[in-house]
Amino acid sequence: MPIQTAEPIIQMRHVDKHYGQLHVLQDINLEVQKGEVVVLIGPSGSGKSTLCRTINRLETIDSGEILFEGKPLPQEGKELAALRAEIGMVFQSFNLFAHKTILDNVTMGPVEVLHRNRKEAEAEAMELLARVGVEAQAHKVPAQLSGGQQQRVAIARSLAMHPKAMLFDEPTSALDPEMINEVLDVMVELAQEGMTMVVVTHEMNFARRVSNRVVFMADGQIVEQNTPDEFFDHPQSARAKDFLDSIKGH
Amino acid sequence: MSANVSMRDALYEAPGPKTQRLVRIGTAISVVLLVAFVAFVLRQFYVNDQLNPKYWSFFLRWTTWRFLLRGFLGTIKVAITAGIIAMALGLLLMLGRISPNRALSAICHVVTDLFRSLPSLLLIYFFFLVIPKYGLRMPAFWMITVPVALAASGVLAEVFRAGVNAVPKGQVEAAMALGMTHGKITRKIVLPQALKIVIPSLVSQLVVVVKDTTVAYVVSYPDLMQNARVLISNYDALVSMYFVVALLYIAVNYATNQFSIYLAHRSDTPVISRVDENPV
């Protein structure tokens with residue numbers, strides 16, 4: 001599915017980052033178009049999660065620049081918070097607020113950040129929970145839900161903010177195998193509705209079926225990027241070939 | 001005490017037949033030693049005439065108890081007031097310390113460490129001997145309450161901070177990703193979870209506050225200890241009086257501990273299943 005419009009929403013230019021001696025992001029240049037689904041793959045430690053987390057500044061960068069809708073990311077304070085409110089994020093470990101009910105988790109953003117009326121926010125939250133199939137759990141606390149249910153709630157919590165783009169940082173890596181699909185299904189639906197998505201994942205089927213572009217990273221660099229069919233069938237670099245060989249037969 | 005049992009289960013494997021025999025022998029020896037010790041103490045009391053009715057009979061008089069209970073109330077009043085001040089101040093110190101404002105954070109860090117490292121007796125002397133020289137003369141109640149509260153606030157600030165640090169980092173990241181500001185994240189996400197975590201250690205810390213109040217005699221505030229000293233000189237009954245006073249302190253602190261166990265169980269709601277977080 002090629003993207004027709006060429007309207008970049010996320011732009012990264014010459015981004016570098018170090019953790020002490022470790023050069024985790026090396027001269028990263030990446031553009032994500034509106035409505036595009038970009039999947040980041042690569043061996044562990046390749047910097048793909050770090051890259052994903054720089055886009056809403058959960059990780060700072062040493063040099064280069066990142067633009068969202070053409071504007072550089074704010075560095076701090078209210079402006080940064082306002083930017084984050086426009087970008088949804090789903091974490092590997094769900095990170096639902098442990099002391100709040102499922103419903104309160106979903107209304108937290110709209111009520112506390114967007115200052116929406118609580119009644120309206122709750123009505124919309126219930127719709128979102130129904131959409132991801134966990135409306136029956138609305139009044140439980142996160143620890144009472146399965147991992148798959150928690151992650152679907154986390155997606156609903158992000159959607160409640162009406163984000164312009166969504167980041168998924170290994171959303172299925174902490175799940176038991178039988179729960180992976182229920183989360184992927186929700187993500188597929190989102191992609192089909194035209195949500196802009198950056199997804200760090202090890203789910204190759206998802207990457208092949210849903211993404212517009214696969215970005216392959218190794219040792220802090222973007223080694224190659226291509227359409228999913230081209231990438232999986234005809235990888236160009238030795239690194240990518242090795243990586244794909246190593247995960248084949250699983 | 002289910003907490004103790006589970007701790008023991010977690011630390012040691014179930015005993016086998018040989019271990020069970022050793023445990024039985026050990027228990028028997030301990031019981032014999034304990035009985036021997038109590039018998040020895042009673043004998044020493046007897047030999048030194050401490051069991052003489054003249055040392056104990058005044059406990060039959062209501063006036064004795066009224067005087068002791070008045071002191072007991074004084075102790076409770078100081079302990080509760082100091083405890084409340086210490087909690088409020090400790091919370092403020094901790095919030096200042098974790099604030100992104102560097103100067104405020106540094107000041108709160110220094111103040112916390114200062115209160116934490118100064119002995120409360122030294123703080124009491126400061127309020128009793130130094131401050132009055134500069135014209136501020138407080139009632140005896142405050143001369144004991146304020147320094148005890150200050151000393152405890154430093155420790156409580158660290159208790160609160162331990163609770164804040166125990167809240168998983170992912171909770172804060174999720175709140176940041178929603179667009180919440182530092183203040184809102186602290187109020188809505190971090191503090192509610194941190195307080196729940198530290199309630200038991202918080203209440204145990206109040207036991208220390210109760211014990212700190214015993215130096216009230218320095219400022220002549222009539223607490224339990226001070227009134228006991230008066231009775232001791234009246235009746236010339238050191239051992240019996242301190243024995244009864246010790247029981248009273250044990251009763252208060254036992255009640256406080258039970259209260260903390262109750263709170264710990266009540267706040268025992270399940271917490272999110274944690275997955276190891278390792279970005280990169």
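## Where α4 meets α6 in chain B

Which residues in α4(B) meet α6(B)? On the α4(B) side they are B:Thr112, B:Phe115 and B:Arg116. Their partners in α6(B) are B:Leu150, B:Ala151, B:Ser153, B:Gly154, B:Val155, B:Ala157 and B:Glu158. Sorted by class, this contact has 5 nonpolar, 3 polar and 2 charged residues. Keep in mind that this is a predicted model.

Now for the geometry. Helix α4 of chain B covers residues 102-117 and helix α6 of chain B covers residues 140-166; they pack at an angle of about 120°, with axes 7 Å apart. That angle is why α4(B) counts as oblique to α6(B). The crossing is left-handed.

## The other partner of α4

Helix α3 of chain B (residues 62-98) also packs with α4(B), at an angle of about 140° and with the axes 7 Å apart. Here too the pair comes out as oblique, because the cut-off for roughly antiparallel is over 145 degrees. This crossing is left-handed.

From α3(B), the residues in contact are B:Leu89, B:Leu93, B:Gly96 and B:Arg97. Facing them in α4(B) are B:Leu104, B:Ser105, B:Cys108, B:His109, B:Val111, B:Thr112 and B:Phe115. By class, that makes 6 nonpolar, 4 polar and 1 charged residues. B:Thr112 and B:Phe115 turn up in this contact and in the one with α6(B) as well.

## The nonpolar cores

The largest nonpolar core has 94 residues, and the members touching the most others are A:Met12, A:Leu51, B:Leu68, B:Ile144 and B:Met241. The element that gives the most to this core is α6(B), with 13 residues.

Take a closer look at A:Leu51. Leaving aside residues up to four places away in sequence, A:Leu51 touches A:Met12, A:Leu25, A:Ile28, A:Leu30, A:Leu40 and A:Met217.

## Two spots in chain A

Helix α2 of chain A runs over residues 77-85, and its buried residues are A:Leu80, A:Ala81, A:Leu83, A:Arg84 and A:Ala85. What lies over them? The cover includes β4 (63-68) and β6 (87-90) of chain A, plus α7 (169-178) from chain B.

Then there's A:Asp104, which sits in helix α3 (residues 102-112) of chain A. Is A:Asp104 buried or partly exposed? Its relative accessibility is 25%, so A:Asp104 counts as partly exposed. A:Val141 is 37 residues away along the chain, with 9.3 Å between its C-alpha atom and that of A:Asp104.

Definitions and conventions
Residues are numbered from 1 along each chain as its sequence is written. Chains are lettered from A and ligands numbered from 1 in the order in which they are written. This is a predicted model: local features need pLDDT of at least 70, side-chain atom pairs count only at pLDDT 80 or more; totals for chains, interfaces and linings use all residues. Side-chain values use heavy atoms; hydrogens and water are left out. Axes are lines fitted to C-alpha atoms, for helices over the stretch in contact, and angles run from 0 to 180 degrees between N-to-C directions. Helices (H or I, at least four residues) and strands (E, at least two) are DSSP runs, numbered from the N terminus. Angles under 35 degrees count as roughly parallel, over 145 as roughly antiparallel, 65 to 115 as roughly perpendicular and the rest as oblique. A crossing is left-handed if the near helix is turned anticlockwise from the far one by less than a right angle, and right-handed if clockwise. Contact means heavy atoms within 4.5 Å. Ala, Val, Leu, Ile, Met, Phe, Trp, Tyr, Cys and Pro count as nonpolar, Asp, Glu, Lys and Arg as charged, and the others, Gly among them, as polar. A nonpolar core is a set of buried Ala, Val, Leu, Ile, Met, Phe, Trp, Tyr and Cys residues joined through side-chain atoms within 4.5 Å. Buried means under 20% relative accessible area, exposed over 50%, partly exposed in between (1.4 Å probe, protein chains only).
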